[in-house]
Amino acid sequence: MATIKLLIADGKEDWLNNLKRMISSVENVFLVGEARNGHEVIEKVKELQPHIVLLDIDLEGIDGLKVTEILAKENQNVQTIIMSMKSSPEYFRQAMKSGAKDYLIEPFSNKDLDDAIHNVFNKWLKDKAELFADDSNAKVVSFFATKGGVGRTTLSVNLAAALAAKGKRTLLIDASLQFGDVALTLDLHPQSTISDIVEKDEFTIDGIERRITKHACGLEVLAAPKEPALAEAVTSKHLQQIIDVIKPLYQFIIIDMPATITEKELAVLDKTSLLFLVATLEITSLKNTKIFLKTLQDLKYDLDKVKIILNKDTPDVGIDRPQLESGLGVPVYASIPMDSNLVQISLNKGESFVLKSPASLISRNIIDVAEKLIGPSKKPVNTSKSAILRIKDLLFGS
Ligand SMILES: Nc1ncnc2c1ncn2[C@@H]1O[C@H](COP(=O)(O)OP(=O)(O)OP(=O)(O)O)[C@@H](O)[C@H]1O
Ligand SMILES: [Mg+2]
């Protein structure tokens, strides 16, 4: 069952607190945020991408009905439930007309709230299954390589920052458990890490969220243990549990993996939607990447999910991109140029070059990968068109 992301909006502080208490006992619901006026709701829907907004009819600024109308007009993928003390059928009718999916008369019970949220969500899930195929679960993109130092951390950090900068809710997990460098690369000082989740046995949304560190660009990071000795306690099952629990809350989960292949890495690969295999223009990288591709094939891993990223691409080193492609027998998905100066300066300053120097060639190539992952923006499905016309649109454009 998917976790339902909920945003609540009410200007009455006491009622908002009461509501939060009630929601904490509703199963499968995760409160992503709260708002106190209409403008704030519209902003937070865009930022937090909740599934459902529970909002007061009398919100200040823009009232609840108008907010519902605006969200519907903007095609935001969200369902609204209106809360009101007014029980007259006329208000109910107006709420439905503005696009609300349910109307709760205050005060309501825990059960009323639970039923309203789940009924609205389940109906939506049934009607719009295609939305949930992509949006309610993060795309899990893992960076792996057969040898160290090829640039997994550099690429995962900068790709994740590029996605976050494009407004995508992105979590970067440092699964390089013994010597993870993600936090340092972004100049973050995490209070908690993945070890704390394991130590306290808190594999819940709250338990995991509490251990996540936020970067100023919006990117969220689950850092590796602070000492290599602590890595041992994190098992393959733990890694899978964390991904499963947190997946409904993000659009992208980027995972920086170590250059080893043990049960833990295989567990991550199992949960991966797209595996970025990082290679460089070195004969050793070519040989080991080729062996690893064969291993994946022997493991019956879906090779369509595996994409080669050529990093530190540079001319005149004896091997070029076409030779790498023919050696591996697969095309390169993206090539990231060598830029030692920018990469090292950024690393030593704890900055992401994609954010600081977005116009540089290396940044542009990483931003291109982010755009490929995001894909074209979805057009709303026009249900009034016949199936034939919609197929025609798909084939020839509308
Ligand atoms: N495109 C690039 N151009 C120039 N230098 C790069 C590039 N990508 C990475 N580097 C440099 O290569 C080195 C290794 O990068 P990084 O730490 O990202 O690799 P890694 O695969 O994560 O290594 P590790 O095995 O230590 O985890 C760093 O010094 C980094 O600055
Ligand atoms: Mg690394």
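How many residues surround ligand 1, and which are the closest? In this predicted model, 21 residues surround ligand 1, and the closest are Gly-148, Gly-151, Arg-152, Thr-153 and Thr-154.

**The shell around ligand 1**

- The elements that give two or more residues to the shell around ligand 1 are α7 (152–165), β12 (306–313) and α15 (340–349).
- Of these, α15 provides the largest share of the shell, with four residues.
- By residue type, the shell around ligand 1 divides into eight nonpolar, nine polar and four charged residues.

**The eight-stranded sheet**

- Strands of a sheet pair through backbone hydrogen bonds, and the pairing is either parallel or antiparallel.
- Eight strands form an open sheet with mixed pairing, in the order β8-β9-β7-β10-β6-β11-β12-β13.
- The edges of this sheet are β8 (213–214) and β13 (332–337); each has a single partner strand, so one side of each is left without a neighbour in the sheet.
- Within the sheet, strand β6 (residues 139–144) and strand β11 (residues 274–279) run parallel and are joined by four bridges.
- Across this pairing, Val-141 stands opposite Leu-274 in β11.

- β1 pairs with β2 in the parallel sense, over six bridges.
- In this pairing, Lys-5 stands opposite Phe-30 in β2.

**Helix α5**

- Helix α5 (residues 110–127) has 18 residues, which at 1.5 Å a residue should span 26 Å; its end C-alpha atoms are 26 Å apart, in agreement with that expectation.
- The buried residues of α5 are Leu-113, Ala-116, Ile-117, Val-120 and Phe-121.
- The buried residues of α5 pack against β1 (4–9), α1 (13–24), β2 (29–35), β3 (52–56), β4 (79–84) and β5 (102–105).

**Helix α12**

- In helix α12 (residues 263–270), the buried residues are Lys-264, Val-268 and Leu-269.
- These three cover an arc of only 140° around the axis, which puts them on the same side of α12.
- Glu-263 and Leu-266 are exposed on the other side of α12.
- The elements against which the buried residues of α12 pack are β6, α11 (236–246), β10 (252–256) and β11.

**Val-182, a buried residue**

- Val-182 belongs to helix α8 (residues 182–185).
- Is Val-182 buried or exposed? It counts as buried, because it has 24 C-beta neighbours inside 10 Å, where 20 or more are required.
- Val-182 and Val-221 are 39 residues apart along the chain, and their C-alpha atoms are separated by 8.2 Å.
- Apart from neighbours within four places in sequence, the residues in contact with Val-182 are Thr-153, Val-157, Leu-172, Asp-174, Val-221, Ala-223, Ala-224 and Asp-256.

**Backbone details in the loops**

- Most residues other than glycine have a negative phi, and most peptide bonds are trans.
- The peptide bond from Glu-106 to Pro-107 is cis, with omega near -5°.
- Pro-107 is found in the loop between β5 and α5.
- Asp-187 is a residue other than glycine with a positive phi, near 55°.
- Asp-187 is found in the loop between α8 and α9 (194–200), and it is exposed, with 12 other C-beta atoms within 10 Å.
- Asp-201 also has a positive phi, of about 55°, although it is not a glycine.
- The location of Asp-201 is the loop between α9 and α10 (205–209).
- Asp-201 counts as exposed because it has 9 C-beta neighbours inside 10 Å, and a residue with 12 or fewer is classed as exposed.

Technical notes
Residues are numbered from 1 along each chain as its sequence is written. Chains are lettered from A and ligands numbered from 1 in the order in which they are written. This is a predicted model: local features need pLDDT of at least 70, side-chain atom pairs count only at pLDDT 80 or more; totals for chains, interfaces and linings use all residues. A residue is near a molecule or strand if its C-beta atom, placed from the backbone, lies within 6 Å of it. Ala, Val, Leu, Ile, Met, Phe, Trp, Tyr, Cys and Pro count as nonpolar, Asp, Glu, Lys and Arg as charged, and the others, Gly among them, as polar. The expected span of a helix is 1.5 Å times one less than its number of residues. Two residues are in contact if their C-beta atoms, placed from the backbone, lie within 7 Å. Two strands pair if DSSP finds at least two bridges between them. The arc is that of the directions from the helix axis to the C-beta atoms.
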